[in-house]
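I set out to record, entry by entry, what I looked up in this structure.

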Amino acid sequence: MSTYYDDLETRSADARASAQLEQLNQILPSHGMDPLADLSGLAKLPVLRKADLSARQKENPPFGGLPVSNVAHIFQSPGPIYEPGGVTKDWWRMGRFLHAAGVGTTDIVQNCFGYHLTPAGMIFENGARAVGAVVLPAGTGQTELQAQAAHDVGVTAYAGTPDYLKVILEKADEMGLQLGIVKAAVGGGALFPSLRQYYIDRGISCLQCYATADLGNIAYESDAMDGMIIDEGVIVEIVTPGTGDPVPEGEVGEVVVTSLNPDFPLVRFATGDLSALMSGQSPCGRTNLRIKGWMGRADQTTKIKGMFVRPEQVAALVAKHDEIDRARVVASRDGEMDVMTVRIETAAKDAARFESTIVETLKLKGTVELVPPGALPRDGLVIEDARSYD
């Protein structure tokens, strides 16, 4: 089995940028956008959020008027949001991850992702077919039957959420069945170090990916297990939550993805997840950028004094004053009362000059605290809920 899925994984940064710019410029006109001179222009294009997509789909079902072709399936995710699916080779690019996880033509994959309405089952099935593996379409539930089937058909690889494999293994132990699973490709939940070690102790190599129903595979682990390598079919930006403004490398922000899938291109789609770009390249030899993996949710909408405060409002506050570098809203308690403190990173000295803008933008009065440039944490939070709910 080849080390790499294809030559795209080891191309130079310049070659990758040039190819992705060409693909992007073929997509943009279908979204009513002009071609770009270089990829840096992507940051000036509008961000598409799930709430916007859901609203557009209600007005123009099922896909909100987005350019879609070669549809073989229609899926429904919570919202509801509807996603198209194709059947051409590696349509969701999951084959690249499965190859990195060591899955190939000699494997039988027990696919424990759901097949009903949601696309996860078909996403991994399509990827398994792309690497030539045989699929046991197990779906979710019926653990005793899952364990029995894994034993009877000789399953060698598992695909599903990180924790469900442990349930199957323990059920097999209880039934006295010896399973041959030695590889696991997981997603859709947190893979805690203790759980990964549990699998290692049982002789199972377990790698994880980061994927969504709308975009397919975004990033994945290799055997180096040093960050998550961005997939070759997407462009990933990390931006300040509530905005489309990229943050410096290493800072935490919201993951915004442009999918170059010609059948269902999405431009600057906000995932609502937090992560950060890593410096350097993976020790495995793949040359694309890496992210640190899932680091929480970017939608930090918080109710303070009975009013919702949203990241977009904090971004609007920053935009109204040139001298504000960053802002962070902190919700706390004074006895039984909510307190809102707005921490503003600025060289300015007069806090009072920002008070009216805060009321106008956040619709609440709050204490203004000025801090020097660079003082606020670079952790992706623009709204911090410091209240205790014990």
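The entries below follow that order.

**Entry 1: model.** I note at the outset that this is a predicted model.

**Entry 2: largest pocket.** I looked up the largest pocket and found a volume of about 890 Å³. Its lining comprises 33 residues, and those closest to the centre are Gly188, Gly189, Tyr210, Ala211 and Thr212. Strand 7 gives the most, with five residues. Sorted by class, the lining of the largest pocket holds 15 nonpolar, 11 polar and seven charged residues.

**Entry 3: second largest pocket.** For the second largest pocket I recorded a volume of about 460 Å³. I counted 23 lining residues, of which Gln20, Leu39, Ile235, Val236 and Leu289 are the closest to the centre. Helix 1 (13-27) and strand 10 (234-239) are the elements that give two or more residues to this lining. Strand 10 gives the most, namely five residues. By class I find 14 nonpolar, seven polar and two charged residues in the lining of the second largest pocket.

Entry 4: Rolling a probe the size of a water molecule over the atoms shows where empty space is left. I read off its lining as Glu83, Pro84, Trp91, Trp92, Arg93, Ala213, Asp214, Leu215, Gly216, Ser259, Asn261 and Phe264. By class, this lining has six nonpolar, three polar and three charged residues.

**Entry 5: helix 9.** I examined helix 9 (residues 355-362) for burial and found Thr357, Ile358, Thr361 and Leu362 buried. These four cover an arc of only 100 degrees around the axis, so they lie on the same side of helix 9. What do the buried residues of helix 9 pack against? I listed strand 16 (307-309), helix 8 (311-319), strand 17 (324-334), strand 18 (337-346) and strand 19 (367-371). I also checked the residue that follows helix 9, which is Lys363, and its phi is positive, near 65 degrees.

**Entry 6: aromatic rings.** I searched for aromatic pairs and found four in the structure. One of them is the stacked pair of Phe113 and Phe124, at 4.3 Å centre to centre with 20 degrees between the planes. Phe113 sits in the loop between strand 3 (108-111) and helix 4, and Phe124 sits in helix 4, so this pair ties together parts that are 11 residues apart in sequence. I find both Phe113 and Phe124 buried.

Tyr198 and Tyr199 form an edge-to-face pair, with 5.6 Å centre to centre and 70 degrees between the planes. Is each of these two buried or partly exposed? Tyr198 is partly exposed, with a relative accessible area of 21%, whereas Tyr199 is buried at 0%.

Finally, I noted that ring pairs link Phe75, Trp91 and Trp92 into a cluster. Trp91 and Trp92 are also among the residues lining the largest cavity.

Terms used. Residues are numbered from 1 along each chain as its sequence is written. This is a predicted model: local features need pLDDT of at least 70, side-chain atom pairs count only at pLDDT 80 or more; totals for chains, interfaces and linings use all residues. Side-chain values use heavy atoms; hydrogens and water are left out. On a 1 Å grid over the protein atoms alone, a cavity is a set of points where a 1.4 Å probe fits but cannot get out, and a pocket is an open set with protein on both sides within 12 Å along at least five of seven lines; lining residues have an atom within 4 Å of a point. Grid points are joined across faces, edges and corners, and a volume is the space filled by probe spheres set on the points. Ala, Val, Leu, Ile, Met, Phe, Trp, Tyr, Cys and Pro count as nonpolar, Asp, Glu, Lys and Arg as charged, and the others, Gly among them, as polar. Buried means under 20% relative accessible area, exposed over 50%, partly exposed in between (1.4 Å probe, protein chains only). The arc is that of the directions from the helix axis to the C-beta atoms. Contact means heavy atoms within 4.5 Å. Rings of Phe, Tyr and Trp (its six-membered ring) pair if their centres lie within 6.5 Å; planes under 30 degrees apart count as stacked, over 60 as edge-to-face and the rest as tilted.
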